[in-house]
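Hi,

Here is the structure I promised to pass on. Please have a look, then read my notes below.

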There are 2 protein chains.
Amino acid sequence: MHLDKILSLETSPHNHLDISHIKSSCATCSLRELCLPVGLNEQEIQILGDVVSHKRKIQRGGYLHHTGTKFQSLFAIRSGFLKTCVLEEDGRQQVTGFHMTGELLGLDAISTEIHTCDAIALEDSEVCEIPFLKLEEISRVIPSLMRHFHKIMSREIVRDHGVMLLLGSMKAEERLASFLLNLSRRFLARGYSECDFNLRMTREEIGSYLGLKLETVSRAFSKLQEENIITVDNKHIQINDIARLRMKMGNTSCVT
Amino acid sequence: MHLDKILSLETSPHNHLDISHIKSSCATCSLRELCLPVGLNEQEIQILGDVVSHKRKIQRGGYLHHTGTKFQSLFAIRSGFLKTCVLEEDGRQQVTGFHMTGELLGLDAISTEIHTCDAIALEDSEVCEIPFLKLEEISRVIPSLMRHFHKIMSREIVRDHGVMLLLGSMKAEERLASFLLNLSRRFLARGYSECDFNLRMTREEIGSYLGLKLETVSRAFSKLQEENIITVDNKHIQINDIARLRMKMGNTSCVT
DNA sequence: AAATAGCTTTGATTCAGATCAATTAAACAG
DNA sequence: CTGTTTAATTGATCTGAATCAAAGCTATTT
């Protein structure tokens, strides 16, 4: 079994509504979330239960963490939608990622023990705090947990390389297609429709992430709609022809 | 002390010629390289000695690993200079990084256990192979090693975010300035001159990394030279005014 | 329900960088 | 040393995206 499903599910469908019925103490539910899919035994689950300490709610627009503050914990997203962004001295900010249920935030801060980005909720969200020192301790005892944690970090690196490719060599329309397909895939993995979803972020935030201006993003949306590949109604997106959307992306494989 | 100095030295000056006198068995020398700076005890060094198995030489133009092949080991660069690049279906390739002595390659492959990029030597190079399974085992026994390994992975994520920022929001000249300053800093950290060095890569490879065409890279070099900020003689670069080069970069901090 | 503020779209214009093209310079093999 | 290949520079032109500008639309507040 793969712990995959939980800390940062990517492969298997997993509706985040599923977890709503496991609503005992925070430790218990997070623990279940974290461990059940890995095939850990009861004792191991017990151990891990102590790691995932408390749960935090962040309102839309609220900060999970700020750049420059001390790093102590990773955060597993239980529900909601967040963006991470680095901010430049002049005040402008660049979005480095959008994050949804099951994903793990804070990996960048391990190196210096200072957060290198802001994490901001784009809708009301809930996260589990995972004290990093404890996670390290426990991963010594549970090898499969350590292994999985390493894979998660590595996957983040691969994802970033994908974005670098996108930013370095794709045109506006290709970038947007890639972005939409990426979202689509992640919604699907969580049990939602892959062809019908609502964007949580503004055109400006999409543009920031894709290295484009908001007007360009808007025009790219319109273009894809004109071609009947997607239907855009403000934040509501329908993918009418996913195959052609994939074509739009060029030959480049979909960014993780 | 920081293991930092070794696996991926960034902070402290460390001339890679220094290690030339430690030339016993591969295990021993790599082991010294890996451990001495971390302040591990003799027993721990002994343990780690078994991990870093054998040394490999790669000729200029040779591959350290290919995309799609099975991942088994990380590689610590002992000497030389390599690039990593992902290749698209249509044959074009994008450089995702340039790597020098002390840096660790292969982190991206941990997630799927398949290499996601090619690693190609830009000059004759030497690497130490570190079987990943063994590294994981041993890091359970030596917490400071595990901690350091996590920091290395995290640092790679931060570096990638820096490149994303560069690709997403900087102009050609700013990108080149940022690139040169990054190289400069890394040479300095290895005991070389920060203002006088030879590029190991072509304009095309720089362009690929920076999301620019080779002509644009060439023009940006010329521009910086016209302004007397640098002196370019083919692959040989002299930084005449590092302060002004930093200004060129805009307010953006230097990409790690 | 009206008012305000925040998004989004669309058009017109400008500009940075891509592309096309020609030359020069360096590296390499025979 | 000479011919050949590969890399780098520089110029001219073209183009995709940025910028500037003006509506139109949503959502939130009162």
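Chain B has an open sheet of three strands, in the order β7-β9-β8, with antiparallel pairing. Its edge strands are β7 (196–198) and β8 (230–233) of chain B, each pairing on one side only. On average, neighbouring strands in this sheet are turned by 15 degrees against each other, direction ignored. Keep in mind that this is a predicted model.

How many bridges join β7(B) to β9 of chain B? Three, and the two strands run antiparallel. Strand β9 covers residues 236–239 of chain B. One pairing to look up: B:Asn198 has B:His236 in β9(B) as its bridge partner.

A helix also belongs in this picture. Helix α8 of chain B (residues 214–226) lies across β8 and β9 of chain B. Helix α8 runs at about 130 degrees to β8(B).

Next, helix α4 of chain B, residues 132–141. Its buried residues are B:Phe132, B:Leu135, B:Glu136, B:Ile138 and B:Ser139. What do they pack against? In chain A, α5 (143–169). In chain B, α3 (42–49), β3 (73–87), β6 (118–131) and α5 (143–169).

Last, one residue in chain A. A:Ala121 sits in strand β6 (residues 118–131) of chain A. Is A:Ala121 buried or exposed? Its relative accessibility is 2%, so A:Ala121 counts as buried, the cut-off being under 20%. Beyond its neighbours within four places in sequence, A:Ala121 is in contact with A:Ile58, A:Gln59, A:Arg60, A:Gly61, A:Gly62, A:Phe81 and A:Leu82. A:Phe197 is 76 residues from A:Ala121 in sequence and 18 Å away in space, C-alpha to C-alpha.

Best wishes

Key:
Residues are numbered from 1 along each chain as its sequence is written. Chains are lettered from A and ligands numbered from 1 in the order in which they are written. This is a predicted model: local features need pLDDT of at least 70, side-chain atom pairs count only at pLDDT 80 or more; totals for chains, interfaces and linings use all residues. Side-chain values use heavy atoms; hydrogens and water are left out. Buried means under 20% relative accessible area, exposed over 50%, partly exposed in between (1.4 Å probe, protein chains only). Helices (H or I, at least four residues) and strands (E, at least two) are DSSP runs, numbered from the N terminus. Contact means heavy atoms within 4.5 Å. Two strands pair if DSSP finds at least two bridges between them. Axes are lines fitted to C-alpha atoms, for helices over the stretch in contact, and angles run from 0 to 180 degrees between N-to-C directions.
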